[in-house]
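Open the model in your viewer and keep the selection panel at hand. The stops below go from the whole chain to single side chains.

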Amino acid sequence: MHQSGSEGHTQIVELPRETEGLPEARKTGLVELADGDEFELEIMPVKKRIGEATVRMLAYNGSVPGPTLKVAQGSTIAVRVTNHGDLDATVHWHGLRLENRYDGTHDTQAPIPVGESFTYQVHVPDPGAYWYHPHIREDYGQELGLYGNILVTPSEPDYWPPANRELLLTLDDILIEGGRIAAFGEETTHVAMGRFGNVMLVAGEPDLSLQARRGEVVRFYFTNTANTRVFNATLPRAQMKLVGADAGHYEQEELVEEVLLAPSERVVVDVLFGEAGELELEHRTPERTYRLASVTVVDEPAEPSFAEEFARVRTNRDMAELREQIEPFLKAPPDKTLSFVAEMDMGVPEGVPVVYACPMHPEVVSEEPGSCPKCGMKLLAQAAAETYACPMHPEVTSDKPDRCPKCGMKLLPSNLVGAGGEHEGHHGHGHHHGHDDERERDEEHGGHGHGGHDSHSEHGHHGHHHQHGEREHGHGTAQGIEWEDDMVEVNRRTTPANMRWKLVDRETGAENARIDWTFHVGDQVKLRLVNEMDSDHPMPHPFHVHGAGRFLILARDDVVEPNLVWKDTVLVRTGETVDILLDVTNPGRWMAHCHIAEHHESGMMFSFNVD
């Protein structure tokens with residue numbers, strides 16, 4: 001480790017980034033385990049090629065993602081974790097309702113020191129795709145590659161519709177600058193928005209190539225392992241059927257064009273590849289399309305053919321029966337209400353005149369503190385400019401905030417116009433087309449022309465989000481989602497010291513770790529989650545509840561959820577209110593938190609007891 005300066009901070013200790021002497025990352029393996037089996041899992045540094053860059057990462061058993069563990073529903077396996085990483089570690093078994101002392105948080109165990117081991121008894125009561133990851137410095141460990149899937153095969157033979165094969169894919173992004181993963185220190189940064197990456201990784205690869213046969217039905221289990229990015233996945237020219245999510249199958253199977261995954265969510269889709277040809281798995285946002293992976297469909301018929309079964313959309317009786325059972329909860333008042341709030345204090349420059357500006361909309365400038373009328377963000381203090389310029393015509397300058405003679409736009413402080421231009425180039429939101437533009441942006445980001453994923457699209461966002469519909473919350477971000485880092489430099493400077501994310505118990509006013517709830521096994525608890533617009537930085541939050549139970553989404557903004565599925569994480573969009581019903585089944589002390597890794601690290605979490 002070495003000392004490294006950081007703007008506005010004292011010297012920080014930088015975590016290691018050297019690759020010399022490290023083993024090459026190996027391919028992710030599939031490990032089938034029977035009830036009672038034991039498995040060794042090692043945290044270790046590796047070097048991995050991502051485009052033209054060779055970067056230092058952390059891996060489970062030498063691969064990114066770590067090994068996929070395939071286990072039959074109802075089994076319990078022993079996993080002995082040995083820590084040869086950089087920091088104290090735990091492993092959290094995300095979504096699994098296992099015994100509390102093996103949940104893998106600081107509430108349930110002493111961290112595993114470097115060089116030491118700990119054995120987890122991992123019980124898998126529910127079918128579906130789950131995952132494992134760190135619960136100490138998640139922002140660092142997950143970004144560097146510490147994530148892996150668990151596939152729990154159902155005990156009911158027809159729990160899922162028939163498919164030719166199954167494929168588990170993690171969706172991730174990584175921030176590479178100058179050929180290395182952007183630096184981490186002892187203090188978490190990027191706390192405002194979370195750390196967005198500039199290179200997309202699917203199953204740990206920047207250029208994943210898949211194959212399928214004509215007429216084949218492939219079941220995809222997608223897991224979002226990114227620190228903060230929401231993915232909207234689509235496979236044009238193939239048919240997609242939504243069949244499951246976090247912890248099981250949907251009430252009603254549904255043909256969809258795209259599926260939305262917030263950090264830590266899983267989605268299960270069956271895909272019918274009807275015709276031979278070249279396809280691309282894409283991540284589509286309202287302003288941009290990223291290529292995630294390529295799929296070559298060979299002109300060879302799949303045997304057997306499940307096309308007929310694919311066309312049939314089933315209703316699952318167990319979930320349909322739950323709809324009748326939840327009816328009384330829909331109009332009942334919530335048992336608990338949680339608010340999501342941000343407090344931001346970036347300081348005020350001393351000894352100079354100041355103005356207040358929105359870091360997401362630099363054209364919004366005020367002489368007084370306040371909030372941005374476009375997005376609700378707190379206006380941040382900065383030194384007033386001595387010169388003013390037109391954002392559209394930067395060559396037009398003045399020593400007064402006049403209007404541009406070319407376009408009539410209000411002149412802004414020159415430093416803000418410069419920041420706006422840098423922002424535009426950094427994100428490429430300007431609808432560029434063609435590979436030359438992509439390559440230039442990739443090289444700027446250290447991706448060395450290997451983003452391949454930064455392809456821009458002339459089309460806007462179309463299709464539908466299967467769970468949430470199309471809604472605006474007056475926030476200026478389409479569907480109430482922050483698709484990109486729209487305040488790069490400010491975000492980089494935010495830490496838990498100047499940016500505080502809070503979960504607030506509306507009844508008591510208690511915040512984060514001071515929230516004191518107790519439930520009992522067998523309780524069904526209605527929780528209301530309110531993402532406050534009256535906040536220093538309104539943005540969406542994926543809210544995750546550990547293995548005390550699983551929950552159903554009851555309603556969003558008083559609209560009853562049309563398709564039930566068991567969940568452990570729910571995306572609460574900007575300005576949205578979501579009601580969930582927690583089915584409490586496991587005693588112990590359990591965590592609940594925002595699964596944006598940097599928000600979690602800044603304290604947006606609490607623990608509750610189940611007797």
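Start with the surface. The protein exposes about 23300 Å², and carbon and sulfur atoms supply 48% of that area. Accessible areas come from the Shrake-Rupley method with a 1.4 Å probe; for residues, only the protein chains shown count as cover.

This is a predicted model: local features need pLDDT of at least 70, side-chain atom pairs count only at pLDDT 80 or more, and totals for chains, interfaces and linings use all residues. Residues are numbered from 1 along each chain as its sequence is written, and side-chain values use heavy atoms, with hydrogens and water left out.

Now colour by burial. Of the 611 residues in the protein, 59% are buried. Buried means under 20% relative accessible area, exposed over 50%, and partly exposed in between (1.4 Å probe, protein chains only).

Switch to cartoon. The protein has seven helices and 41 strands. Helices (H or I, at least four residues) and strands (E, at least two) are DSSP runs, numbered from the N terminus. Take the contacts in the protein with a separation of 6 or more: residues 24 or more positions apart account for 75% of them. A contact here means heavy atoms within 4.5 Å.

**Stop 1: strand β15**

Select residues 199-202, strand β15. Which side chains cover its two faces? V199 and L201 lie on one side, M200 and V202 on the other, and all are buried. Two strands pair if DSSP finds at least two bridges between them. Find L171: it stands opposite V202 in β15.

**Stop 2: R291**

Go to strand β24, residues 289-301, and pick R291. Is R291 buried or exposed? R291 counts as buried, because its relative accessibility is 15%. The side chains of R291 and D207 are joined by a polar contact of 3.0 Å. A polar contact is a pair of N or O atoms within 3.5 Å; within protein, one must be able to donate a hydrogen and the other to accept it, and residues adjacent in sequence count only if both atoms are side-chain atoms. Then select L281. L281 and R291 are 10 residues apart in sequence, and their C-alpha atoms are 6.3 Å apart in space.

**Stop 3: salt bridges**

Side chains of opposite charge can pair when their charged atoms come close. A salt bridge is a side-chain nitrogen of Lys or Arg within 4 Å of a carboxyl oxygen of Asp or Glu. How many salt bridges does this rule give? The count comes to 40.

Begin with R589 and D107. Their closest N and O atoms are 3.9 Å apart. R589 sits in strand β40 (residues 588-594), and D107 in the loop between β8 (92-94) and β9 (117-123), 482 residues apart. R589 is partly exposed at 31% relative accessibility, and D107 is partly exposed at 28%.

Next, E253 and R314. They meet in a salt bridge of 2.9 Å, N to O. E253 belongs to strand β20 (residues 248-256), while R314 is in the loop between α2 (307-311) and α3 (317-331), 61 residues apart. E253 is buried at 3%; R314 is partly exposed at 22%.

Then K526 and D579, with closest N and O atoms 3.9 Å apart. K526 lies in strand β34 (residues 524-531) and D579 in strand β39 (residues 577-584), so the pair ties together parts that are 53 residues apart in sequence. Both K526 and D579 are buried.

Finish with a group selection: D246, E265, R266, K567 and D568. Salt bridges link these residues in a network.
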